[in-house]
Amino acid sequence: MDLKSIENIVSLCKRRGFIFQSSEIYGGIGSTWDYGPLGTEMKKRIKDDWWQSIVTKRSNVVGMDSSILMHPKVWEASGHVSNFHDPMVDCKKCKSRYRSDHINLEKPCKKCGNTDWTEPRQFNLMFQTTIGPINEEGNITYLRPETAQGIFVNFNNVQTTARQKIPFGIAQIGKAFRNEITTGNFLFRTREFEQMEMEYFIHPDESSRWLDFWNQERLDWFLRLGIKKNKLRLRAHGKDELAHYSSACYDVEYEFPFGWSELEGIADRGTYDLDQHNEFTKKKLSYFDPKTNRRFTPAVVETSAGVDRTFLTCLVDAYTEEEVRGENRTLLKLSPKIAPTTCAVFPLVNKNGLPELAEKIVEETRKQFSSFFDQGGSIGRRYRRQDEAGTPFGVTVDHETIENGTVTLRERDSMKQIRISQDKICEAINEKIIS
Ligand code: GAP
């Protein structure tokens with residue numbers, strides 16, 4: 001897959017209602033995107049699947065939902081005010097701005113060919129805002145650049161109310177904001193995005209065991225979403241790449257058309273965050289171990305995935321162009337788990353009571369899956385539209401349905417069609433989803 005495919009995916013997303021450019025009718029605003037009807041469904045399924053696998057299925061991980069605006073001191077304590085910087089350079093001729101660690105300053109500017117750069121300078125990535133109507137220094141706070149701090153500052157509240165014993169995790173999904181110097185590659189790097197984060201609190205002697213455990217769990221989750229195994233890898237951070245809070249970190253990476261890039265970070269944050277909040281607040285965020293009668297500050301292994309990056313990965317991985325009987329077919333081979341629509345129902349022709357019958361089948365299948373009724377255009381065109389939307393199953397209602405109650409069930413990827421009783425549609429789809 002080449003870079004051109006990203007452009008094709010962007011246009012498919014607009015055409016089918018997955019993603020639109022934000023504020024499009026005003027000319028758009030750089031690198032911000034709105035999720036349309038299909039995109040919203042798919043994004044919700046990704047988040048639900050993560051929540052199932054991290055929280056619902058585990059008795060020792062609980063969820064929370066903290067606010068985006070927090071006390072400004074949180075960001076001093078966490079180190080984001082003094083350390084959350086990227087190095088920035090400008091081309092002196094065309095004023096284009098780059099992250100100096102993302103380009104070779106020996107080479108000319110990509111836009112104008114000039115080689116005269118400003119000195120690299122540090123740029124803090126947090127978005128500032130003011131609380132209340134007056135813009136004074138004391139009112140300044142930040143839009144959170146990670147959801148994690150909302151978990152750390154609530155450590156005592158959650159641990160005591162959920163009565164969890166170490167090791168245990170606190171998870172949340174929510175928006176984060178970063179004033180990135182360079183954005184791009186569609187949803188990959190944006191200024192507003194969503195994270196799915198889990199902080200796993202452990203005894204400090206056990207960091208390396210839990211880091212290994214969560215590396216494997218998280219890699220397996222991406223595989224279960226249907227991402228191709230040969231496109232995924234786990235990469236250890238070099239010492240020079242580590243964030244200010246972490247002593248070891250692994251990235252789950254995917255091979256995008258623009259190269260191997262991070263989907264998720266799994267980091268050993270040690271006791272850094274709780275220690276910092278203890279020092280700044282003089283409160284004791286710590287754990288009393290009933291086995292040893294001792295109190296200690298737990299260490300943390302964090303798993304931090306981007307919702308939008310996972311969404312982009314699923315799209316890129318599923319995007320397929322192929323030739324079928326001399327015609328081009330574009331399809332999204334999305335796992336039925338995350339496909340926005342599971343089943344589309346088509347009347348073969350718009351007469352003889354077939355549309356009414358098809359609508360009844362949609363109502364019936366909707367009790368179990370998201371189903372869609374489509375009667376517009378030739379049956380071939382309707383199949384193609386649903387292939388592009390990633391709908392894994394199509395049900396066609398025809399004159400035989402009236403005669404003997406059977407329909408055809410079509411699979412998106414193989415295009416194979418089988419004839420089954422209309423009462424067995426849900427059963428057949430369920431079987432195929434499981435197999
Ligand atoms: N709490 C740790 C943390 O925030 P991070 O590696 O900076 O770690 C975690 O971010 C994940 O959030 C990334 O792996 C990525 O999926 C997502 N992410 C970070 N910055 C992003 C951006 N500008 N646009 C989209 N997703 C982003």
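Helices (H or I, at least four residues) and strands (E, at least two) are DSSP runs, numbered from the N terminus. This is a predicted model, in which local features need pLDDT of at least 70 and side-chain atom pairs count only at pLDDT 80 or more, while totals for chains, interfaces and linings use all residues. Residues are numbered from 1 along each chain as its sequence is written, and side-chain values use heavy atoms, with hydrogens and water left out.

**Loop between α6 and β9**

- Arg163 sits in the loop between α6 and β9. Its phi is near 50°, a positive value in a residue other than glycine.
- Pro167 is found in that loop too, between α6 (155-162) and β9 (168-177). The peptide bond from Ile166 to Pro167 is cis, and omega is near 5°.

**Ligand site**

- The ligand is surrounded by 20 residues, each with a heavy atom within 4 Å of it. Glu146, Glu180, Thr190, Glu197 and Glu262 are the closest.
- By class, this shell holds 10 charged, 5 polar and 5 nonpolar residues. Here Ala, Val, Leu, Ile, Met, Phe, Trp, Tyr, Cys and Pro count as nonpolar, Asp, Glu, Lys and Arg as charged, and the others, Gly among them, as polar.
- β13 gives the most to the shell, with 5 residues.
- Polar contacts are pairs of N or O atoms within 3.5 Å; within protein, one must be able to donate a hydrogen and the other to accept it, and residues adjacent in sequence count only if both atoms are side-chain atoms.
- Arg178 places a polar side-chain atom 2.8 Å from a ligand oxygen atom. For Gln195, a polar side-chain atom lies 3.0 Å from an oxygen atom of the ligand.
- Thr190 uses its backbone: an N or O atom there lies 2.8 Å from a nitrogen atom of the ligand.
- Taken alone, the ligand exposes 560 Å², and the protein buries 92% of that. Accessible areas come from the Shrake-Rupley method with a 1.4 Å probe; for residues, only the protein chains shown count as cover.

**Domains**

- The domain assignment, automatic or from a database, gives domain 1 (6-71 + 145-315) and domain 2 (341-434).
- Their centres, taken over C-alpha atoms, are 37 Å apart.
- Contact (heavy atoms within 4.5 Å) takes 6 residues from domain 1 and 6 residues from domain 2.
- About 510 Å² is buried between domain 1 and domain 2, with carbon and sulfur atoms giving 45%. Buried area is the accessible area (1.4 Å probe) that two parts lose on being put together, summed over both.
- Arg16, Leu38 and Arg45 lose the most area in domain 1 to domain 2, together 66% of what that side buries.
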